[in-house]
Amino acid sequence: RYRREPRRCGVVVGGDMSTNVEKFLAREEELRRARKFCDDQAVLGAKASFEEKGLRKFASSRIKRETETAAEEVECLNYEVTQRRRACLKEFYEQQQAMYEQELSALGLTLVKERL
């Protein structure tokens, strides 16, 4: 009575064959673009990582250089402070010596200085 058609396993036979091929090729093109996008993203990630490392190295070298410069400045300032203190002390002792000599002179005494 009724004749049963043979199963075709999801593949369209006949004039629709070219549609299946076109769909397949479109899907392959879509996959190719997706793979290319993934590859491009991987390359961009590698470049970003490289740049980030470079920036970190630059920052650390800048910090090291600034630290060395600051240490040199502190060393120079310490030397300058030491020299100023010495000069102030020398001036203070000279004033004290002069005052002592004046007091002795007022009493009619003198201080014998012997220079070698």
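User: Which helix is E75 found in?
Analyst: E75 is in helix α1, residues 17-106. A helix here is a DSSP run of H or I with at least four residues, numbered from the N terminus. One heads-up: this is a predicted model, where local features need pLDDT of at least 70, side-chain atom pairs count only at pLDDT 80 or more, and totals for chains, interfaces and linings use all residues. Residues are numbered from 1 along each chain as its sequence is written, and side-chain values use heavy atoms, with hydrogens and water left out.

User: How many helices and strands in the protein chain?
Analyst: The protein chain has 1 helix and 0 strands; a strand would be a DSSP run of E with at least two residues.

User: And how much of it counts as buried?
Analyst: 1% of the 116 residues. Buried means under 20% relative accessible area, exposed over 50%, and partly exposed in between (1.4 Å probe, protein chains only).

User: Back to E75. Buried or exposed?
Analyst: E75 is exposed, at 59% relative accessible area. E75 also belongs to a surface patch of negative charge with E68, E72 and E73. Patch residues have over 30% relative accessible area and no salt bridge, with like charges joined within 9 Å and nonpolar side chains (Val, Leu, Ile, Met, Phe, Trp, Tyr) within 5 Å. Asp and Glu count as negative, and the charge of Glu is placed at CD.

User: Which residues form the nonpolar patch?
Analyst: V21, F24 and L25, with about 300 Å² of accessible area together (Shrake-Rupley method, 1.4 Å probe). F24 lies in helix α1 and is exposed at 51%.

User: Switching to salt bridges: how many does the structure hold?
Analyst: The structure holds 7, each being a side-chain nitrogen of Lys or Arg within 4 Å of a carboxyl oxygen of Asp or Glu. Among them, E29 pairs with R32 at 2.4 Å between the closest N and O atoms, and E30 meets R27 at 3.5 Å.

User: How are E30 and R27 separated along helix α1?
Analyst: E30 and R27 are 3 residues apart, so about one helical turn separates them.

User: What about K36 and D40?
Analyst: K36 and D40 form a salt bridge at 3.2 Å, and they sit 4 residues apart in helix α1, about one turn. Elsewhere, salt bridges with shared partners link E29, R32 and R33 into one network.

User: How many aromatic pairs?
Analyst: The count is 1: F92 and Y93, tilted, 5.7 Å centre to centre with 55° between the planes. Rings of Phe, Tyr and Trp (its six-membered ring) pair if their centres lie within 6.5 Å; planes under 30 degrees apart are stacked, over 60 edge-to-face, and the rest tilted.
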